[in-house]
Amino acid sequence: MALLDSKARRILDRMRLRIRSNATAIRAGGHRSPVKAAGIELADHRPYVSGDDVRHLDWKAFARHGQLVLRQFEEEKDAFVHVLLDVTGSMSCGTPPKIELAKRLAAGFAYVGMREHDRAQVIPFADELGGPALAVRNSHELAALEHALEKTDASGPTAFAHAVERLAARGVPRGLVIVLTDLMAPEGWEPGFRRLGLMGHDLWLVRVSCKDDEAPSVQGEVELHDAETSERVRLRVDRALLERYRREIRAHVDRCREACRRAGGRWIEVDVEESFDVVLKKVFAPSNGGVA
Amino acid sequence: MSFAALSGAALAAIAGAIACVVLALYLLRRTPKPRLVSNVSFWLRAAETSRPRVLRSIRIPWLAFLVSLLIALLFVAELGDPRFGRSVRGTTVIVLAAGRSMGASHRGETRIEQAIREVRSWVDRTTIGGQVAVVRAGMRPETLLGLTEDPTDLERALRDFTLDDGPSDLESALRLADRIVASSGGAGQVLLVADRDVEFETEATRVLIPVGVPGDTLAIVDFTARRDPLAAGEYVAEVVLQSFSEREASARLRVLDGDVQLLNRRLTLHPGQVVRLSAQGFSSERAELEARLSEIAIVGSEDALAADDVAYAVLPPLEPLRVLLVTPGNDYLEAALAVHPNAIVERISQSELARREEASLHAYDVLVLDRTKLPTGLAHRAVLLFSPPSHEFVTAEEARSPRITASMASHPVLRGVRLDNLRIGRALRFEVQAGDQVLIRSGADALAIARESDEGRRLVFGIHLDETDLVEREAFPLLVHRALGWAAHSRDDMPLPRRLGEPLRAAPGEIVLGPTGEPESPSGLSSVRRQGIYHVGERAVAFSGVEHAEALGAGTTGGRLRSSAPLPPLSLLLAGLLLALIVLEWALLHRGRLQ
């Protein structure tokens, strides 16, 4: 089954990525740029100074007021969309596995970016950052991306801060960074988000959650197998321990949310048990920066 | 079940095996379920912060394990009854109750089946480390299996095992078992496998292995047959039923004389009710009676014992009575004699009597002379005279329309004979001599006398039979019947059914047939154990177990092994207490109070 079926594509056709204007690129695209130049939409007037392009003089205004003023237009630029896809072992948990939803969302972001002439690329990460991927500019590249995502497995530990360091080291241009993750690692999220904010990226954090992480239903003697490190821990789980665990998870998620907020990011939570339509509408909701 | 006969090593082995089972269960309980989680770090953090302060989590399972182990061992100890068998090994004598109550059934299994199963099990175990003997505790105890080390001997001994219809004599059986243990020379024990216990101290250690539970039963508690004193030649069968149940019961009672059904009635008895029934109006020279309960229905229960549903009685045959009747003609008297079931009556005239010789009269048991005197020169030991024409008894004058003022009702001749309001036209008055018993008196006149002397018995009635309504009454045949019996010295006793356990005597060479019609072995006749009707030659003897009918209790309800050492089951109490602790621990664990 393709990551994006026709129904999902129809929904995505109505969606846009609202990216902060200071995170746009230099090529013409679908996003407003802070640079007022050769656009088609009038933005403002300013007095003419020597050296300005005389083609932009507003002659009608000169006729009415006798002053030379220059018409200024908003320039629509394209944007870099970096989708950081968490492919650590923890993403294989859940029913269905969290990685499945994350991969579909990654493809969805790429599809919307392609449609808006953005340069979207999906970069998997675990304890290392995945290799540089080609930006998706057309349907062929999107198909290649889907094919690559389908072959992607979730394994290995999480090192988000390190992955962000590697991203910075690559010198990726400023743009929209969408992090698709379950946040199921106790450390590394706060410095990662802070670094992304300092790099000037517009940050979206899409947390993929599942019931097994949030409120597991297990009691008695259990041997816990860590999906990321294969570590094994024996515990006698009772109601008190379950409650304590839930509190731990809630506190961790709250800390991550606060770190995301401080980095200027947007926080979106989706659940694996939700239908993909609902997830898409939730991710691209206007309140989250999308435009339906 | 008990491990009492096992050695200490065997008990230790069993305890060890139980401990292994408990350990296995504990390990199974502690075997964790694998579960894949996203990251164990969060679980470890939660576990760090929720660790209990007083009891570390690691100690709780171990404590639970130790408590479980202790409980299991206590149960083993309780089952094994360590009070019994301590330093007592060697000879084991099993006393197996074989009384009628062991035939009681519960849910399709009789007590004796359960007991034999126990005996087999004990023989298997005890022959491992010593000798075993089995005493059959029937009405008369006997050794069923002599001392042996081969458990297969028991099967041979049980081949023809049957229960007695009487109660088991447990005391004698225990005494016999005690003697066997003592004669074996070493230490030993006596195991009593029975449905009740007895207060009897044995030298060897005694252990009761109880079988059976209390049951409901409907029983025949008495059954007799006798001649009817108020009806010549007839007999009465009386049955007494009792319900030994706390529920309402019903059954069909049949009384049979061979193929003839004397009584067939459906009865309903309330809890504990006693019902007495009689069947009468049957005339027979002899009878072999059987009373049987069938179609027994007890509300919410069932009749547990079949042995008390049947009883037997015998009506012995009457001795033939040869009677010579000398009369000019008297229909009433002839009819009254004909009613007598065993009378062989020969009628002759007065002239014929005069021609008889005295020796020929000795062939008769009784002479009945109606208005006839015994010719001079003839004598007989039993003479019954009605209105003799002249006699040494008779006074000069007859009484006209006398009224009966007194009668000797205690005399065998008048027993059950009612003479009130009797109309008499004429009657002879007799002269009473010393030793005479006046049977009927009218004022000072004796109208009927009984004389007993060395010459024999004379019974003289002065009432003219053709001028009284006595002959039309029911009392007349009975009077004649009684008079014949008294004059001829015939016995009319009705023997009660014989008690089980009593001997049945037979002449040498005489064949005794048992209840099933099969010849009985002479050894079994010294103490009859099976109820029924036995035939010794022409004689029938009934053995009935009705007197042993009783409620079906179980002396040791609950099936616990009980030792002669009266120690309380402390280990059971401790086990119960610790079991409660385990349940508490489990509850607390699942409520999150413990970890």
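Biologist: In which loop of chain A is A:Pro96 found?
Modeller: Welcome to a predicted model, in which local features need pLDDT of at least 70, side-chain atom pairs count only at pLDDT 80 or more, and totals for chains, interfaces and linings use all residues. Residues are numbered from 1 along each chain as its sequence is written, chains are lettered from A and ligands numbered from 1 in the order in which they are written, and side-chain values use heavy atoms, leaving out hydrogens and water. The peptide bond from A:Thr95 to A:Pro96 is cis, with omega near -5°. As for its place in chain A, A:Pro96 is in the loop between β4 (69-86) and α3, where helices (H or I, at least four residues) and strands (E, at least two) are DSSP runs numbered from the N terminus.

Biologist: What is phi of A:Leu183 near?
Modeller: Look in the loop between β6 (175-181) and α6 (189-198) of chain A, where A:Leu183 lies. This residue is not a glycine, yet its phi is positive, near 60°.

Biologist: How are α3(A) and α4(A) directed relative to each other?
Modeller: Helix α3 (residues 98-115) and helix α4 (residues 139-150) of chain A have axes 10 Å apart and pack at an angle of about 170°. Angles over 145 degrees count as roughly antiparallel. The two helices, α3(A) and α4(A), are therefore roughly antiparallel.

Biologist: How many nonpolar residues are in the contact of α3(A) with α4(A)?
Modeller: Contact means heavy atoms within 4.5 Å, and among the residues that meet are A:Ala107 and A:Tyr111 in α3(A) and A:Leu142 and A:Leu145 in α4(A). By class, the contact has three charged residues, one polar and, as nonpolar ones, eight.

Biologist: Which three residues supply 21% of the area that chain A buries against chain B?
Modeller: The contact takes 39 residues from chain A and 30 residues from chain B. Together the chains bury about 3,100 Å² (accessible area lost on being put together, 1.4 Å probe, summed over both), 60% of it on carbon and sulfur atoms. On the chain A side, more than any other three residues, that 21% comes from A:Glu221, A:Leu224 and A:Arg236.

Biologist: What volume has the largest cavity?
Modeller: A search of the whole structure finds one cavity of 30 Å³ or more, a cavity being a set of 1 Å grid points where a 1.4 Å probe fits but cannot get out. Among the residues lining the largest cavity are A:Met184, A:Tyr245, B:Val37 and B:Trp43. The volume of this cavity is about 40 Å³.

Key:
Axes fitted to C-alpha atoms, helices over the stretch in contact; angles between N-to-C directions. Parallel < 35°, antiparallel > 145°, perpendicular 65-115°, else oblique. Nonpolar A, V, L, I, M, F, W, Y, C, P; charged D, E, K, R; others polar. Buried area = accessible area lost by both parts, 1.4 Å probe. 1 Å grid on protein atoms, 1.4 Å probe; cavity = no way out; pocket = protein on both sides within 12 Å on 5 of 7 lines; lining within 4 Å. Points joined across faces, edges and corners; volume = space filled by probe spheres on them.
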